[in-house]
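Welcome! Let us take a short walk through this structure, stopping at a few places worth a look.

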Amino acid sequence: MSARIVVTHPEPDACDQWRDALAARLPAFEVVIDDGTAHPDARYALGWGPPPDFFERAPTLRAFFSAGAGVDHLMTHAALRDGTPLPIYRLEDAGMAEQMAEYCCHEVIRRFRDWAGYERQQADVRWHERPLPDRASFTIGLFGLGTLGMAVARALQGFGYPVSAYTRSARAIDGIDCHHGAGLASFLARCRVLILLAPLTPDTADVVDAALLAKLPPDAYLVNVARGGLVVDRDLLAALDGGRLAGATLDVFRTEPLPPDHRYWSHPRVRLTPHVAAMTLVGPSAAQVADKIRDLEDGRAPSGRVDPGRGY
Ligand code: NDP
Ligand code: OXD
């Protein structure tokens, strides 16, 4: 009997796509979609937000693969949140880095070139050149400089923007002004646009609060493409209402879908998208997961293993 891989995902279409993509790349395996029954002999599983009893029903797993780059959906799972010996692997780029760079550059350029101002002028039938800010002092700050953050940083540098970054550990990267630890305040003080691209962990939960926002330059702009849980919504709304922050582009929220009565939907200083900054591409992602499964089968250690102590 062939070894089994179980796919668990809240969206039925995604289950079908992952099952077919993995089965095509791993013919020696039987790939099945979780149907809520026991999987006494499953060797690997892949997915997003597994049901509460999933790990009890699949006690023989050798690894779980996240169907995304983020693993907060696993690190907060009741069976895993107190630390887990089960190896968890995350997606690394797999076609997301390019999308994330595109999304963030779009928002930065929109702010830098003041396209919103030109849209207002068009509505007023007004021909007027708006001033261009000094590019050399228009620093873009990245809170998190991992696989996706690096792609964003390099793309922004391609347009000539100075890039600063704040990370959990000390980093030294050519051309990027790197900060960590107590360097948070000096990092924030130069961010004309602050982009959040760190995972949601106990250390980053609620990190963007009133105190942090107050350390940004007046008229700064926020882009959150990480997780909604990094931001204290009440404090962000207060900073936007008071004009302390010029605006925010939000792709991720504490509750998704964002409830229809949430103030973000209609706030004049908020632009929002429904968690699409970098979408999982099943083809390249399944190819990456298949490579990792082959590595494990052959006794090699694949990259992208989550450190449960760090939470990412
Ligand atoms: P990585 O694990 O490659 O990078 C994470 C980065 O965050 C690292 O630089 C890490 O620091 C930094 N970090 C972690 N903890 C902290 C902290 N306490 N303070 C400051 N920095 C911290 O992740 P990816 O780049 O692949 O993905 C980042 C996140 O993007 C994902 O976790 C996910 O939440 C989100 N995402 C959103 C998508 C969307 O469509 N909106 C799509 C895909 C991902 P260090 O370098 O020291 O380790
Ligand atoms: C991810 C995401 O983590 O889609 O990949 O947010």
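In which helix is Asp 72 found? Asp 72 sits in helix α3, which covers residues 72-75. Please keep in mind that the model is predicted.

**A first stop: Asp 72**

Is Asp 72 buried or exposed? Its relative accessibility is 15%, and since buried means under 20%, Asp 72 counts as buried. Leaving aside residues up to four places away in sequence, Asp 72 touches Leu 200 and Arg 227. With Arg 227 there is also a polar contact, side chain to side chain, at 2.9 Å. Arg 227 will come up again at ligand 2, where it is one of the surrounding residues.

**Ligand 2 and its surroundings**

Which residues surround ligand 2? They are Trp 48, Gly 68, Ala 69, Gly 70, Met 96, Arg 227 and His 275. By type, this shell divides into three nonpolar residues, three polar ones and one charged. An oxygen atom of ligand 2 lies 2.7 Å from a polar backbone atom of Ala 69, and an oxygen atom of the ligand is 2.6 Å from a polar backbone atom of Gly 70. Arg 227 takes part through its side chain, where an N or O atom is 2.8 Å from an oxygen atom of ligand 2. Taken alone, ligand 2 exposes 210 Å², and the protein buries 86% of that.

| Residue | Protein atom | Ligand 1 atom | Distance |
|---|---|---|---|
| Asp 251 | polar side-chain atom | nitrogen | 2.8 Å |
| Ala 278 | polar backbone atom | oxygen | 3.0 Å |
| Tyr 312 | N or O atom in the side chain | oxygen | 2.5 Å |

How much of ligand 1 does the protein bury? On its own the ligand exposes 940 Å², of which the protein buries 93%.

**Aromatic rings**

How many aromatic pairs does a search of the whole structure find? The search finds 13. Among them, Phe 55 and Phe 64 form a tilted pair, with 5.6 Å from centre to centre and 55° between the planes. Phe 55 is buried, with a relative accessible area of 12%, and Phe 64 is buried too, at 0%.

Trp 115 and Tyr 118 also form a tilted pair, 6.0 Å centre to centre with 50° between the planes. Both of these residues lie in helix α5 (residues 115-123), three residues apart, which is about one turn of the helix. Trp 115 is partly exposed, at 35% relative accessibility, and Tyr 118 is partly exposed as well, with a relative accessible area of 29%.

Conventions:
Residues numbered from 1 in each chain as written. Chains lettered and ligands numbered in written order. Predicted model: local features only at pLDDT ≥ 70, side-chain atom pairs only at ≥ 80, totals over all residues. Heavy atoms only, no water. Polar contact = N/O pair within 3.5 Å; in protein donor to acceptor, adjacent residues only side chain to side chain. Areas by Shrake-Rupley, 256 points an atom, 1.4 Å probe, with all protein chains shown as cover. Helix = DSSP H or I, 4+ residues; strand = E, 2+ residues; numbered from the N terminus. Buried < 20%, exposed > 50% of the residue type's maximum accessible area, 1.4 Å probe, protein only. Contact = heavy atoms within 4.5 Å. Phe/Tyr/Trp six-rings, centres within 6.5 Å; stacked < 30°, edge-to-face > 60°. Near = heavy atom within 4 Å. Nonpolar A, V, L, I, M, F, W, Y, C, P; charged D, E, K, R; others polar.
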